[in-house]
Amino acid sequence: MSTKKLLGILVPNAKTGRALLALYRRHNPTGLKLICFTLSDIDWKRRRVTALHRRRRRWAHSKFPLPRVIYNRCYKPDPLLLKRLEAEIGAGFLFNGINRLDKMDVHRILSPALAPHLPDSEPHDEASADRLLDLHRILYFKPIHGSRGIGVFRAELKASGEIHLGNHYLLPSHIFEDHSRFHHQLRELLGSAPHMVQSGIPALTLFGQYFDIRVLVQKNGNGEWTATSAVSRIAAKGCFNTSIAERIILTADVLKIVFLPERAKPLLEEIKAIGIAAAERLDEAQERSLGELSVDLALDRAGHPWIIEVNGMPQKSLYSSFKQSKRAAYEYPLLYASHLLTRSSSPVSESALT
């Protein structure tokens with residue numbers, strides 16, 4: 001089979017691959033033949049892959065030429081094998097090869113261009129924690145490579161001088177009367193993995209519940225970044241971790257509730273523009289091409305947007321209840337892949353690959 005109409009989707013295992021491939025096939029406007037495979041399915045010597053695909057309405061495993069364009073859906077794949085794979089197909093034709101983002105690297109890259117939308121963030125040590133806690137009164141301690149709110153702790157310095165510490169919920173699990181006990185307990189809770197300290201914001205809530213805004217930012221069929229959707233996760237009552245969501249609704253609907261119409265619409269456009277700007281800067285700074293990101297934001301009580309974190313492999317199940325957002329989440333990587341295939345067929349790209 002010609003590789004001109006072939007898109008390879010790199011997956012962590014066969015079970016994951018079948019479910020993913022079914023979703024992408026269902027939302028494929030490009031006419032590309034979609035196949036999925038793992039790194040262990042590659043025959044490096046013959047430049048071929050044994051891949052899962054649909055043939056005559058049935059699942060089958062067949063041998064294919066190594067695709068010209070590959071979309072990575074593995075979280076934290078083997079970096080050496082990924083580098084070898086990109087060397088085989090050409091720089092820029094493996095996209096989303098980097099998706100396990102370092103939160104401090106992200107903060108550094110986005111500063112100073114997006115500084116007005118970045119909470120104070122520093123690598124965790126006792127001195128930085130004390131200084132930022134005195135300054136902001138609320139801090140979040142986050143694993144540098146964490147996701148979904150796992151291992152995130154919230155500390156609040158009360159007017160009484162007590163420090164309240166909690167995991168997921170606002171109700172504290174620990175209360176300290178001095179900083180030394182606070183740091184001792186925090187060391188036990190955080191362990192040896194590197195963490196960052198991020199200042200809290202006076203968060204706007206929806207009927208007393210925390211919410212965030214997740215902007216899905218993807219490259220389109222012209223290779224340009226665009227914000228394809230924005231949804232909000234409404235945290236459970238008494239919970240600051242929006243990954244423990246009570247419900248998920250469109251951000252446009254949230255903004256209509258908390259702001260007047262003349263404020264809600266331009267604010268949504270501003271939020272999307274911030275997401276696109278963040279993606280552009282991160283893409284420029286990476287050694288491998290990106291095709292999609294999700295940017296998590298929160299609003300303070302004045303309605304100012306703050307970037308809380310950026311995710312390198314968007315969680316697409318969030319969009320299952322929203323037809324347009326779900327379609328975009330799966331269509332746009334395929335449109336971008338089609339764009340890359342057009343580039344790879346140009347005389348310049350052909351010569352670069354030989």
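Author: Gladly! Let's start with helices and strands: they are DSSP runs (helices H or I, at least four residues; strands E, at least two), numbered from the N terminus. The model is predicted, so local features need pLDDT of at least 70 and side-chain atom pairs pLDDT 80 or more, while totals for chains, interfaces and linings use all residues. Residues are numbered from 1 along each chain as its sequence is written, and side-chain values use heavy atoms, leaving out hydrogens and water.

Reader: Why is Ile244 called partly exposed?

Author: Buried means under 20% relative accessible area, exposed means over 50%, and partly exposed is in between (1.4 Å probe, protein chains only). Ile244 has 30% relative accessibility, so it counts as partly exposed. Ile248, in strand β18, counts as partly exposed too, because its value is 28%.

Reader: What makes Asp212 and Arg233 a salt bridge?

Author: A salt bridge is a side-chain nitrogen of Lys or Arg within 4 Å of a carboxyl oxygen of Asp or Glu. For Asp212 and Arg233, the closest N and O atoms are 2.5 Å apart, and the pair forms a salt bridge. Asp212 lies in the loop between β15 (209-210) and β16 (213-219), and Arg233 in strand β17, 21 residues apart. Both residues are buried. They also belong to a network of salt bridges with Arg214 and Asp296.

Reader: How do you know that Glu331 and Arg327 form a salt bridge?

Author: Their closest N and O atoms are 3.9 Å apart, and the cut-off is 4 Å, so the pair counts. The two residues are 4 residues apart in helix α8, which means about one helical turn separates them. Glu331 is buried, because its relative accessible area is 17%, whereas Arg327 is partly exposed, at 34% relative accessibility. The structure holds 18 salt bridges.

Reader: Why is α6 called oblique to α7?

Author: Angles under 35 degrees count as roughly parallel, over 145 as roughly antiparallel, 65 to 115 as roughly perpendicular, and the rest as oblique. The axes are lines fitted to C-alpha atoms, for helices over the stretch in contact, and angles run from 0 to 180 degrees between N-to-C directions. Helix α6 (residues 251-258) and helix α7 (residues 261-285) pack at about 140°, with their axes 9 Å apart. That angle makes α6 oblique to α7.
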